[in-house]
Amino acid sequence: APKYRGAFFFLCCTGLRVAEFLALRYPDDFEDNRIRVCKEIDTRHGNVVIDDTKTGRERFVPYAQSLIDKTLEFADGAVIFGKLTYYGIKKAFMNAIKKNGLNNVTIHSTRHTFATTCYHAKVQPKQIQAALGHATLAMTTDVYTHCSMGKGDSPIMTYLRDDFAPLVP
C-alpha cells in the first residue's frame, strides 16, 4: 500500500526507530528543519510514551521540507503520521521483503540504510551518530554503516545528499 511506501521512505531518510516514527505528530514535532525525537509508541498497547525513547534521551534529526513532500508523494497523499501501527508497518515490510526475495532484512534495516546512505552522501560520522542517537561512534561506524555496491542515485540518496546533508550542523 502507498502509505507504507511513504513510511519506509521516511524511516530510511531519518534513521528513526519505528516506535519513534509512530509517535510523531506532523507538524507538531517538526520545527526549524529539525524533528524532535523525545517519545515513542508502546508497541504492545499503542500508547504514546512521552519523554521516553530507547536511549532515554531527546535528540533532533535534521529534515528538509522535501522529505515531507516526497514522503506524502510515496504515500499517495495518505495521512501516515499518527495513523499507522507497528504491526501494520512490520507486516507490510515483511511482505515486501518476501516479494523481493531478500534475506537478513528487517524493519530495523531502515536505520542501517540511513547510516550507510548518509556515509555515502558525505555526512560526517559524528553527525550520523547524533541523528541515530547512538552513545558511541563505534556503534554507528562498525555496526550501522555498511559498504554499498549499488549504482546510481535512489530517492533516499538524493534526499540525504542534496537536502539533508546541507542542514547538518
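Visitor: What should I know before looking around?
Guide: This is a predicted model, where local features need pLDDT of at least 70, side-chain atom pairs count only at pLDDT 80 or more, and totals for chains, interfaces and linings use all residues. Residues are numbered from 1 along each chain as its sequence is written, and side-chain values use heavy atoms, with hydrogens and water left out.

Visitor: Okay, how many helices and strands are there?
Guide: The protein chain has eight helices and five strands. Helices (H or I, at least four residues) and strands (E, at least two) are DSSP runs, numbered from the N terminus.

Visitor: And what order do they run in?
Guide: Starting at the N terminus, you get α-α-β-β-β-β-β-α-α-α-α-α-α. The radius of gyration is 15 Å, close to the 15 Å from the globule rule for 169 residues, so the chain is as compact as a globular protein of that length. That radius is taken over C-alpha atoms, and the rule is 2.2 Å times the number of residues to the power 0.38.

Visitor: What box do the C-alpha atoms fill?
Guide: Roughly 35 × 35 × 30 Å, taken along the principal axes.

Visitor: How much of the chain counts as buried?
Guide: Of the 169 residues, 43% do. Buried means under 20% relative accessible area, exposed over 50%, and partly exposed in between (1.4 Å probe, protein chains only).

Visitor: Which residues have the most contacts inside the largest nonpolar core?
Guide: Those are Phe-10, Phe-21, Ile-89, Tyr-159 and Phe-164, in a core of 45 residues. H1 gives the most to this core, with eight residues. A nonpolar core is a set of buried Ala, Val, Leu, Ile, Met, Phe, Trp, Tyr and Cys residues joined through side-chain atoms within 4.5 Å.

Visitor: Why would nonpolar side chains end up together?
Guide: In soluble globular proteins, they tend to be buried together.

Visitor: Let's pick Phe-10. What does Phe-10 touch?
Guide: Leaving out residues up to four places away in sequence, Phe-10 touches several others, including Phe-21, Phe-30, Ile-35, Thr-71 and Phe-81. Contact means heavy atoms within 4.5 Å.

Visitor: Is Thr-71 buried or exposed?
Guide: Thr-71 counts as buried, because its relative accessibility is 0%. Thr-71 lies in helix H3, and besides Phe-10 it touches Gly-6, Phe-9 and Ile-80, again not counting residues up to four places away in sequence.

Visitor: New topic: where is Val-168?
Guide: Val-168 is in the segment after H8. Its relative accessible area is 17%, so Val-168 is buried. Beyond its neighbours within four places in sequence, Val-168 is in contact with Pro-62, Val-123 and Gln-127.

Visitor: How far apart are Val-168 and Thr-14?
Guide: They are 154 residues apart in sequence and 12 Å apart in space, C-alpha to C-alpha.

Visitor: Now the backbone. Which residues does a cis peptide bond join?
Guide: Tyr-26 and Pro-27, with omega at about 10 degrees. Pro-27 sits in the loop between H2 and strand S1 (30-31). For background, most peptide bonds are trans, and most residues other than glycine have a negative phi.

Visitor: What is phi of Asp-32?
Guide: Phi of Asp-32 is near 50 degrees, a positive value in a residue other than glycine. Asp-32 lies in the loop between S1 and S2 and is exposed, with a relative accessible area of 63%.

Visitor: And what about Asp-76?
Guide: Asp-76 also has a positive phi, near 55 degrees. Asp-76 is in the loop between H3 and H4, and is exposed at 63% relative accessible area.
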